[in-house]
Amino acid sequence: MENSDVVIRLEKVSKSYGDKQVLKNIDLTIKKGTIMGLVGKNGAGKTTMIKSLLGLLKLDSGKASLFGEDSWDLPGEVKQKLGYVPQTVNGFDGWMTVDALLEYTSVFYDKWNKNKVDKLLKDWNIDPKARFRSLSEGEKQKVAIIMAMGHEPELYIFDEPVASLDPVARRSFIKELIDLNIDSGTTMLFSTHITSDLERIAADVALLKDNEIKYVGELSALKEKYDQNMNLEDIFIELNK
Amino acid sequence: MYYITDTLMQFAAGGIKIGKSMSDNKEIYFQIQPSSGVPIYKQIVDQVERLVAGGYLSPGDELPSVRKVAVHFEVNPMTVSKAYSMLEASNIVERRRGMGMFIASNSDNAKSVKQRIELIRPSLEEAASQAKQLGLPNEKVLELFKKILEDNDGK
């Protein structure tokens with residue numbers, strides 16, 4: 001029977017591109033309210049794992065599910081509960097204004113918190129009348145985050161969420177995430193290779209190495225295994241040896 | 001590394017005011033260093049323990065809320081909750097429903113020696129007055145009191 005507390009589940013997931021194996025027998029369970037960081041070097045399989053979860057990739061073997069539903073065949077009501085921010089924010093119609101883009105996004109969802117969206121645009125200094133293609137990379141990423149927040153999802157999946165955010169936006173983004181986590185028990189999975197972010201916001205961590213999960217569990221337990229003088233970056237370098 | 005600018009460092013260095021020193025009236029701040037090798041929950045537990053032992057935090061003092069600590073230091077709320085629960089389990093703080101976390105009022109232990117001395121003064125004043133009425137020399141009375149205290153310790 002499916003535990004209703006489980007939001008994300010990967011069971012023996014494997015995936016290859018041609019003869020290059022990218023994910024090897026991945027097992028991972030994430031419960032409601034967890035903030036988990038997904039770390040690993042470039043090419044370790046982070047983005048592939050996230051895409052498998054979202055049903056954007058067909059698995060070779062194993063099973064990926066969100067809210068107990070098969071990722072490859074996600075029902076509409078699960079998509080309503082999901083907010084995804086991809087690593088690169090291309091593919092939107094660049095001629096649309098930010099306003100129009102958000103309006104367009106909102107029609108796909110049953111609920112849309114316009115107050116929150118407007119507040120974030122204001123806080124993050126985004127001109128709603130600007131055309132998307134005229135924005136800087138950082139501004140595009142801000143818009144992508146706002147697009148993923150409007151429908152108040154129960155689960156966020158971020159692929160390198162803050163890579164091009166300025167410090168002020170980054171801080172208000174993290175504050176927003178903490179509020180959501182406390183108020184609604186929102187679950188979050190984010191991939192990063194910047195350990196300083198991870199050390200703060202994530203209580204749990206999954207480390208991908210050579211396309212396998214090398215460690216999954218509490219960040220504090222991982223730290224306690226190592227010398228006190230080693231910070232997380234040192235530990236990851238050690239684990240990656 | 002990319003975004004640890006001066007502004008952010010100032011935020012991180014700022015700390016949260018959680019009390020006042022009784023001796024010199026200095027304000028006491030919580031500090032968390034996420035990049036330290038010491039887990040964040042342990043940094044919080046150790047700090048509160050030290051502040052209580054040092055008299056900087058007294059029974060009834062309120063700890064900053066989980067949300068306040070989490071947002072201020074950009075740390076996971078569950079990590080802060082975990083630290084508070086551990087402090088609660090070791091009776092250093094108590095949870096008051098709907099209000100928050102407070103330094104526990106486990107009475108005499110938390111009071112200073114000076115405060116406790118004041119509690120025993122009336123009994124000693126009464127004994128001194130009786131000793132005087134009986135015309136007993138001070139040395140003899142002190143000797144007896146010392147013996148009683150030592151016998152008490154042995155029990």
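**Notes on the A–B model**

1. Asn25(A) sits in strand E2 of chain A, which covers residues 20–31. Keep in mind that this is a predicted model. Asn25(A) isn't a glycine, yet its phi is positive, at about 50 degrees.

2. Glu152(A) is another one to look at: a non-glycine with a positive phi of about 50 degrees. Where is Glu152(A) found? It's in the loop that links helix H5 (137–149) to strand E7 (155–159) of chain A. Glu152(A) counts as partly exposed because it has 16 C-beta neighbours inside 10 Å.

3. On to chain B, which has 7 helices and 4 strands. Reading from the N terminus, the order is α-β-β-α-α-α-β-β-α-α-α.

4. How much of chain B is buried? Of its 155 residues, 23% are. If you take the contacts in chain B with a separation of 6 or more, 51% of them come from residues 24 or more positions apart.

5. Now the interface: 26 residues of chain B are in contact with 25 residues of chain A. On the chain B side, the elements giving two or more residues are helices H1 (6–14), H2 (40–53), H3 (66–73) and H4 (77–89). H3(B) gives the most, with 5 residues. By residue type, the side of chain B that touches chain A splits into 17 nonpolar, 7 polar and 2 charged.

Notes:
Residues are numbered from 1 along each chain as its sequence is written. Chains are lettered from A and ligands numbered from 1 in the order in which they are written. This is a predicted model: local features need pLDDT of at least 70, side-chain atom pairs count only at pLDDT 80 or more; totals for chains, interfaces and linings use all residues. Two residues are in contact if their C-beta atoms, placed from the backbone, lie within 7 Å. Ala, Val, Leu, Ile, Met, Phe, Trp, Tyr, Cys and Pro count as nonpolar, Asp, Glu, Lys and Arg as charged, and the others, Gly among them, as polar. A residue is buried if 20 or more other C-beta atoms lie within 10 Å of its own, exposed if 12 or fewer, and partly exposed in between; C-beta atoms are placed from the backbone.
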